[in-house]
Amino acid sequence: MKNLIEKTIEYVKVFFENDFSGHDFYHTLRVYNLAKFIANNEECDVELVCLSALLHDVDDYKLVGKEKERFSNLNTFLKDQKYSNERIEQICNIVAQVSFRGKNTIPDTIEGKIVQDADRLDAIGAIGIGRAFAYGGSHKRLMHNPNVKPKEIVSSKEYYENVGTTINHFYEKLLNLKDFMNTETAKNIANHRHKYMEEFLKEFYDEWEGKI
Ligand code: ADP
Ligand code: NI
């Protein structure tokens with residue numbers, strides 16, 4: 001008999017099979033592993049953390065559209081597994097508070113804080129750089145244009161309507177994330193990944209300006 005976590009991993013693997021938007025199965029798997037690692041250093045409900053991490057993107061409105069009932073994929077899957085309504089509701093609340101959406105919101109549970117940290121850690125460092133350029137390319141954006149300055153983004157509407165360059169995304173989001181980490185474990189990982197992005201940007205500008 002497979003346990004619920006194993007079944008959930010199988011479910012998201014199939015769910016994200018044809019997704020190349022930056023929310024692929026491996027993003028989910030990395031968030032799950034990071035969340036589990038952080039959870040080991042915190043007083044928390046590890047099962048809630050693991051299930052929320054694995055299911056955090058299955059109802060993302062970019063993937064399923066706004067018109068669908070909120071959290072319908074998550075609800076359908078967990079109800080099929082005979083998971084309790086009370087725990088499903090807790091997971092919906094955690095997932096609802098995780099996303100960045102252009103502004104910082106602090107989850108009101110430790111489980112939410114952990115999953116949010118894990119999702120944000122996967123947007124920075126070497127993986128974060130890779131994801132940003134993959135996203136930019138798939139949205140037909142320029143990597144960099146020195147004449148286009150980064151914007152100050154304060155609402156989710158501005159975040160989603162922004163069509164700026166990928167380099168500007170670093171200033172509009174990625175370089176801010178380390179200061180938004182909730183847990184000490186995530187802060188430490190974020191500091192390392194942040195430095196790596198700063199080094200990357202320095203090299204990028206050197207090469208851009210033809211410094212040899
Ligand atoms: P999340 O689901 O974690 O809230 P998003 O759906 O906003 O994140 O973004 C998914 C990935 O695409 C992240 O790695 C993010 O940094 C990247 N991304 C989002 N918007 C842009 C953009 N305008 N330019 C480049 N990368 C972006
Ligand atoms: Ni995510």
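**Salt bridges, nickel site and helix packing**

K178 counts as partly exposed, at 23% relative accessibility (buried is under 20% relative accessible area, exposed over 50%, partly exposed in between; 1.4 Å probe, protein chains only). The structure is a predicted model, in which local features need pLDDT of at least 70 and side-chain atom pairs count only at pLDDT 80 or more, while totals for chains, interfaces and linings use all residues. Residues are numbered from 1 along each chain as its sequence is written, chains are lettered from A and ligands numbered from 1 in the order in which they are written, and side-chain values use heavy atoms, with hydrogens and water left out.

The side chain of K178 forms a salt bridge with that of D179, at 3.1 Å from N to O (a salt bridge is a side-chain nitrogen of Lys or Arg within 4 Å of a carboxyl oxygen of Asp or Glu). D179 is exposed, with a relative accessible area of 57%. Across the whole structure, the search finds 9 salt bridges. Side chains of opposite charge can pair when their charged atoms come close. K211 takes part in a salt bridge with D206, at 3.7 Å from N to O. K211 also pairs with E209, where the closest N and O atoms are 3.7 Å apart. K211 is exposed, at 52% relative accessible area, and E209 is exposed as well. A network of salt bridges links K202, D206, E209 and K211.

The nickel ion (ligand 2) is coordinated at 2.1 to 2.6 Å by H27 (NE2), H56 (NE2), D57 (OD) and D119 (OD). Donors are N, O and S atoms within 2.8 Å of the metal (3.2 Å for Na, K and Ca); water is not among the atoms, so sites may look incomplete. Along the chain, the donors follow the spacing H-x28-H-D-x61-D. The angles among the 4 donor atoms run from 79 to 166°, and the site is irregular. Four donors count as tetrahedral if all angles lie between 85 and 135 degrees; four count as square planar and six as octahedral if opposite donors are over 155 degrees apart and all others between 65 and 115; anything else is irregular. H56 and D57 are both buried.

D119 is also one of the buried residues of α7 (helices, H or I, of at least four residues, and strands, E, of at least two, are DSSP runs numbered from the N terminus). Helix α7 covers residues 110–121, and its 12 residues should span 16 Å at 1.5 Å a residue (the expected span is 1.5 Å times one less than the number of residues). The end C-alpha atoms of α7 are 16 Å apart, which agrees. In α7, 10 of the 12 residues are buried. They include I114, V115, A118 and L121. The buried residues of α7 pack against α2 (25–39), α3 (46–55), α6 (85–98) and α11 (184–208).

L121 and L74 have the most contacts inside the largest nonpolar core, which holds 50 residues. Such a core is a set of buried Ala, Val, Leu, Ile, Met, Phe, Trp, Tyr and Cys residues joined through side-chain atoms within 4.5 Å. L74 lies in helix α5 (residues 72–80), where S72, N73, N75, F77 and L78 are also buried. Neighbours within four places in sequence aside, L74 is in contact (heavy atoms within 4.5 Å) with L55, V58, D59, I88, I91, C92 and V95. Just after α5, K82 takes a positive phi of about 60°.

L201 sits in helix α11. L201 is buried, at 4% relative accessible area. Residues up to four places away in sequence not counted, L201 touches I167, F170, Y171 and L175. Between L201 and D59 the C-alpha to C-alpha distance is 33 Å, with 142 residues separating them in sequence.
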